[in-house]
Every structure is written in structure tokens, then in C-alpha cells.
Amino acid sequence: MFAVVVDVDYVGKQQLKNLLKQFGNGVQLRPTYLVSSGKGVHLYYFLQEPVQLYRNREEVLAELKEALIRRLWNDTSSIRPDSPNIIGIYQGFRCVGSQSKLGVDFPVKAYKLSENRYTLEDIKASIPSCKVDLAPLYEKPRRKSTVTLEEAKELYPEWYEKRIVQGEPKQKSKKQGGTWVCNEALYEWWKRKKPKK
């Protein structure tokens, strides 16, 4: 992840003025870029260093983004302050130069507001009373085993017999490319259904 991006919707002229004033006087953290998306803005907070998106980090990053959204989306920045759009870290955004919600005559435009690049600690520090624990972001992900097959034969004889000798497949979900782990009858039923014309 190279940036934390927040979407603030229902932004009129006065709300945009309020946001820009708050960025200028330090009430809100000044984004690197502000993107006009039609009826709202996308605020891009570029990171000093990219964050690798291991599964053990997703929840913490989503919590931090939600806290930032709730900080930025308020009664001065949005016509609908009680309707913040809480979407996780994988939210997609309109591309700069593409058509906005307002139509082809109103393309999505980007405005550079600063040279700033932030750490996740900077973002957290900009949110008063933020209780998001960033510690899990610094835990190393589990690595694949370095145990050789000969060592595994000694250490895990039952596993070795099933997987290596008998050739049983690894038990993974179908989505992960593994074997069937659900009721196969359901799958067979779907195969028999005729597609609607």
C-alpha cells in the first residue's frame, strides 16, 4: 500500500473551503493530493515507505483508515456528516482524467496540496484519541517451513505417510486451489442446472 486514501462525499463549495482551511491551519492532516471526484473528494496521504499487505495487517490498516475517515468526514466537510462511507483498504477510486459522476464534461481532477509523505504513526497522531494499535503491523509474517522432506519424515510420520506416501492432497478450500471441502452434492446440483435463456 503506497497511500492511505479517504473518500469524503457530498462536498459542496463551502465544505471544500472548510476542508482547505482546516488543512491550512493544521486542524486536519494535509493530504499529498486532493482529487475532485464529482460530488466529493478523495484525499491521498502518500506513505514514506510502502506497507506490505500481509493478511495479519489488513484489519489494523482498515481500523486506522476508518478512524481517519471519521476524523475527516464531519459537519464542516460534508453536507451529510452522519453518513460516512466506511470502506476498507481495498476500495477502488476513479482514475484522474476519467469521467466523474457528473458526466463527461466534468473529468476527475487531481490537485497537489503538499510534498508530504507520512508514516502510519503520523496519520494516527493526527486523529485525537485514536486507539488503533499499530503493533501488529510490525510483526513478521509466518514463513514457509525450512524443514527438509527427510526431516519431516522423522518429525511428522503420520503427515508423511498421508501426504507423501499415499499422495493425499493438502486440505485447502476450492478458492485457494485445493481439494473439495464442502458437500460435493451441491456442486453436482449446480452442474445439472440448465442456464436460463
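Salt bridges, then. A search of the whole structure, which is a predicted model, turns up 2 of them.

One pairs Arg70 with Glu66, with 3.0 Å from N to O. Both residues belong to helix H2, and they sit 4 residues apart, about one turn of the helix.

Another salt bridge joins Lys112 and Glu115, where the closest N and O atoms are 3.2 Å apart. Lys112 is partly exposed, with a relative accessible area of 45%. Glu115, at 62%, is exposed.

Next, charge on the surface. Lys39, Arg80, Arg94 and Lys101 gather there in a patch of positive charge. Where does Arg80 lie? You will find Arg80 in the loop between helix H2, residues 55–72, and strand E4, residues 99–100. Its relative accessibility is 45%, and Arg80 therefore counts as partly exposed. Helix H2 has come up already, since Arg70 and Glu66 both lie in that helix.

Now the nonpolar side. Seven names to follow on the screen: Val147, Leu149, Leu155, Tyr156, Trp159, Ile164 and Val165 form a nonpolar patch on the surface. Together these residues have about 640 Å² of accessible area. Which elements give two or more residues to the patch? They are helix H4, residues 149–155, and helix H5, residues 157–165. The largest share comes from H5, with 3 residues. Val165, one of the patch residues, has its place in helix H5.

On to the backbone. Tyr10 has phi near 60 degrees, which is a positive value in a residue other than glycine. Tyr10 sits in the loop between strand E1, residues 3–9, and H1. With 31% relative accessibility, Tyr10 counts as partly exposed.

Ser129 likewise has a positive phi, near 60 degrees, and is a residue other than glycine. The loop that holds Ser129 runs between H3 and H4. Buried or exposed, for Ser129? Exposed: the relative accessible area of Ser129 is 65%.

Helix H1 spans residues 13–24, and Gln22 lies in that helix. Gln22 has 13% relative accessibility; buried means under 20%, so Gln22 counts as buried. How many residues separate Gln22 from Thr76 in sequence? The answer is 54, while in space the two are 9.6 Å apart, C-alpha to C-alpha.

Last, confidence. The protein averages a pLDDT of 85, and 90% of the residues score at least 70. Which elements have the lowest and the highest mean pLDDT? Helix H6, residues 184–192, has the lowest, with a mean of 75. Helix H3, residues 120–125, has the highest, with a mean of 96. H3 is also one end of the loop that holds Ser129.

Tyr10 and Ser129 have positive phi values. That is what I have for today.

How values were computed
Residues are numbered from 1 along each chain as its sequence is written. This is a predicted model: local features need pLDDT of at least 70, side-chain atom pairs count only at pLDDT 80 or more; totals for chains, interfaces and linings use all residues. Side-chain values use heavy atoms; hydrogens and water are left out. Patches are made of residues with over 30% relative accessible area and no salt bridge: like charges are joined within 9 Å, nonpolar side chains (Val, Leu, Ile, Met, Phe, Trp, Tyr) within 5 Å. Accessible areas come from the Shrake-Rupley method with a 1.4 Å probe; for residues, only the protein chains shown count as cover. A salt bridge is a side-chain nitrogen of Lys or Arg within 4 Å of a carboxyl oxygen of Asp or Glu. Lys and Arg count as positive and Asp and Glu as negative; His and the chain ends are not counted. The place of a charge is taken as NZ of Lys, CZ of Arg, CG of Asp or CD of Glu. Buried means under 20% relative accessible area, exposed over 50%, partly exposed in between (1.4 Å probe, protein chains only). pLDDT is the predictor's confidence in each residue, from 0 to 100.
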